[in-house]
Amino acid sequence: MAYWLAKEHVGQREDIVSRFDPRFWTVNFPRPMMAAVTTTAHDALRVDLAFYRRDDLAGLIWEAEDRHDHPLLAYETARDFRECRLGFRWRSSGVLPLDAVNGPTLTIEGRDGQGNPRAWYVRLWNYARGTPEDAAVSIDFADVLGGFLLPEEADPVWAGDVDRLFVSMVPLGYTGADMGFDAPAEGWVELTDMVCEGPGSVLAIGDVGVPPHGAGIAGGYDDSYHLTPARLLRQALHLGYRGAVNHYVGMSHYFRLGADGLVTLEGGALNGPCLAWHRDFAGRARAFGFDVIWSLSFELFDAHCPESWKQRAADGSPALTGWVPPSTLLSPANGEAMAYLRAVARAFVRIAVEAGLSPKFQVGEPWWWIMGDGRPCIYDVAAVAAFAPVAVPSVRGTLSAAQKAALDRAGEVLGAATAGLVAAARDEAPGCEALLLAYLPSVLDPAAPEVRRANLPPGWAKPAFDVLQLEDYEWVTAGDTAATARGVAEAGARLGYPVSEQHYLSGFVLRPEEAGQWGRIEAALEAARARGVAAAFVWALPQVARDGFVRFGGEDDMQAFDNVAFPLALGAEVEVAPGFSTAVLTGAGGYETRNSQWAEARTTYDVGPGVRSEADIAALLAFFRARMGPARGFRLRDPFDFAASAERLGVGDGVNRRFALVKRYGEQERRITRPVAGSVAVTVGGVKVSGFSVEDGGWVVLDDAPTAGAVVAASFVFDVPVRFAEDVLRVNRATFLAGEAVSVPLVELREA
């Protein structure tokens with residue numbers, strides 16, 4: 001499967017969109033308050049708000065540059081707003097009204113006519129007709145004034161170089177003081193009948209439609225809470241993703257908070273903005289033809305988690321992740337914590353049912369946290385009371401029978417907790433599909449082989465769940481495909497789920513400067529599909545959009561290569577012609593400039609001279625038909641160049657275990673992608689080793705990483721990937737009887 005990292009929109013399909021289209025507004029706000037923007041009509045949006053403090057302020061934002069969509073789907077950057085007029089009907093409740101001090105204000109951020117950074121503050125009430133909570137607002141950006149009182153405080157706006165517009169919303173009772181409300185306050189704002197007029201009222205927008213390619217998409221609410229569901233799902237659909245969206249509900253934005261700042265079920269499991277956003281998300285997913293897998297983990301934002309709920313190490317240290325600020329892990333032994341998660345699970349499954357979706361609930365990465373130094377977090381008060389764990393200073397290395405038994409008991413508690421979550425989901429929606437997501441590098445860590453007792457317990461074995469989902473992005477981005485192969489095989493065998501009842505999540509790229517990892521992610525996704533998983537997902541949509549990742553192909557792509565050999569023996573008369581592509585420019589004085597356009601030679605063959613009998617012709621014709629002419633590649637043994645001896649593959653660094661097979665011709669290097677099975681012999685530091693495997697594509701994967709400076713070399717026999725060069729193969733009996741050779745041209749394929 002091919003992929004592309006698109007950096008910008010250059011000539012692909014476009015459409016037009018109204019500037020200020022409701023789908024493309026965003027929200028921003030300080031933690032811990034919450035806000036969500038949804039589209040209620042083609043010309044309307046709604047912002048739902050949950051305020052906890054008297055200085056909370058949310059912004060409804062339009063950006064001149066689209067920083068959130070995929071490069072092939074983004075709207076054009078247009079910073080000059082002077083040729084457009086924006087009108088809408090404003091209605092609100094629970095926020096300061098239009099006429100109040102600190103009421104809704106349009107902040108315009110950009111530069112003045114001299115290029116100096118500026119911000120203007122436009123009081124919306126100055127451009128409204130109606131009541132403070134229900135008014136028509138009209139703004140002409142060619143003639144708009146900042147300032148509270150007009151004309152006394154008029155501050156003319158120059159809207160020719162704008163970065164963003166920001167509509168502020170604050171709660172009733174706003175004072176700007178750093179203090180909380182006695183009880184959380186909710187509000188909402190609706191902008192309806194939105195219209196943008198004038199020569200600058202429309203924008204070009206990417207409208208690329210990637211054909212369906214057989215993969216699903218994953219994402220998370222914590223990364224997309226500020227966008228509209230319509231915007232997110234538009235991206236997924238246009239980029240060719242189909243089937244189910246694997247949606248992680250997150251750990252930091254879905255919950256309600258009490259006056260003490262801790263999560264609570266009072267008023268419901270989900271805060272109002274989260275509930276509104278997910279109802280819209282579910283309804284639009286169904287309309288777009290997507291299913292949704294609702295993923296809930298044991299992870300919770302640390303600052304809002306009750307202390308007694310947290311997993312803890314033996315010294316009382318809480319389990320904290322590496323995120324900044326950190327999240328924590330809930331103890332599977334704590335009854336209150338698990339009751340809370342069960343209520344959250346029911347709430348999300350209820351949203352699915354109300355939207356008419358087939359309910360699918362995933363328990364996402366449930367585990368007992370392991371500290372960086374190997375200490376297990378199985379010693380919170382509830383865990384100690386439940387299974388009295390003995391001291392386990394570190395899970396790395398050899399453990400005693402008593403320590404193993406402690407991990408077994410921890411696994412039993414974890415299994416019971418996840419079973420409770422599944423039961424809660426199915427109680428809300430009978431027949432709900434249950435899925436388990438396991439992160440293999442942690443639960444099958446080779447340095448801590450006994451951890452699987454606690455974090456991949458027997459209680460998860462089939463039929464505890466309907467589907468086993470696996471992810472291993474740490475191995476994938478490191479190129480450790482051997483670890484992936486061992487891990488997925490072990491997890492499937494340990495829990496008893498055949499590959500047809502497994503899903504695979506491939507990704508993700510944490511930082512934009514690491515975008516080169518997408519190649520390995522794509523390869524891992526295709527490997528999972530090749531082994532027969534029921535579904536494979538790209539993780540995750542925000543990173544796909546950020547890096548411009550595009551997959552190509554179709555669900556039923558014809559295999560481009562058949563791993564079979566050319567059926568006839570080649571004699572000495574076969575023609576072999578290595579070739580290059582070189583541009584030669586000759587100057588007036590006869591001097592030449594030569595530019596080689598290929599790094600490696602590409603060989604053509606004519607294997608017709610090897611055809612010597614009617615049986616050969618029959619075999620050749622059958623083979624040609626089976627390959628559909630040039631459509632499908634195959635293997636050919638070059639009679640003059642088919643072996644390599646002690647070829648240097650690379651030098652160890654103590655980490656890398658994966659090396660590409662190559663053959664050198666002086667300074668030129670040739671990638672070998674079709675080694676002959678069983679022919680590869682490997683040496684490390686001059687010593688022959690047996691602990692290695694050979695992956696498709698000509699990759700040697702060592703069981704152990706070579707030490708720094710150790711030279712890795714290999715000897716092997718190889719075939720050349722080729723295809724028929726022409727769509728027509730001409731042979732006749734007269735030619736054969738006359739002793740003339742049939743012409744059968746072949747062309748070498750580039751695979752690496």
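View 1. Helices here are DSSP runs of H or I with at least four residues, strands are runs of E with at least two, and both are numbered from the N terminus. In an unreviewed UniProt entry, residues 211–549 carry the feature "domain: Non-contractile tail sheath TIM barrel"; such positions follow the numbering used here, feature names are shortened, and annotations may be inferred rather than shown by experiment. A word on the model: it is predicted, so local features need pLDDT of at least 70, side-chain atom pairs count only at pLDDT 80 or more, and totals for chains, interfaces and linings use all residues. Residues are numbered from 1 along each chain as its sequence is written, and side-chain values use heavy atoms, with hydrogens and water left out.

**View 2. The N-terminal domain named by UniProt.** The unreviewed entry lists "domain: Non-contractile tail sheath N-terminal" at residues 17–206. This stretch is 0% helix and 52% strand, with its end C-alpha atoms 10 Å apart.

**View 3. Helix α2 and the glycine that follows.** Of the 10 residues in α2 (residues 229–238), 9 are buried, where buried means under 20% relative accessible area, exposed over 50% and partly exposed in between (1.4 Å probe, protein chains only). Among the buried ones are Pro229, Arg231, Arg234 and His238. After α2 comes Gly240, with a positive phi near 90°.

**View 4. Asp302 and its neighbours.** Look for Asp302 in the loop between β22 (299–301) and β23 (327–329). With a relative accessible area of 16%, Asp302 is buried. Leaving aside residues up to four places away in sequence, Asp302 touches Lys310, Leu320, Pro326, Ser327 and Thr328; a contact means heavy atoms within 4.5 Å.

**View 5. Ala534, between a helix and a strand.** Ala534 sits in the loop between α11 (518–530) and β28 (535–539). Not counting residues up to four places away in sequence, its contacts are Val499, Ser500, Gln502 and His503. Val467 is 67 residues from Ala534 in sequence, yet their C-alpha atoms are 9.0 Å apart.

**View 6. Two cis peptide bonds.** Most residues other than glycine have a negative phi, and most peptide bonds are trans. Arg31 and Pro32 are joined by a cis bond with omega of about 10°, and Pro32 belongs to the loop between β3 (26–28) and β4 (34–41). Another cis bond links Gly507 to Phe508, with omega of about 15°; Phe508 is in the loop between β27 (502–506) and α11.

**View 7. Two non-glycine residues with positive phi.** Phe20 has a phi near 75° and lies in the loop between β2 (14–18) and β3. Phe20 counts as buried because its relative accessibility is 3%. For Glu365, phi is about 45°, and its loop runs between β24 (360–364) and α5 (381–387). Glu365 is partly exposed, at 21% relative accessible area.

**View 8. Stepping back to the domains.** The protein is divided into domain 1 (3–206), domain 2 (216–551), domain 3 (566–638 + 724–748) and domain 4 (643–718), with bounds from an automatic or database domain assignment. The centres of domain 1 and domain 4, taken over C-alpha atoms, are 58 Å apart.
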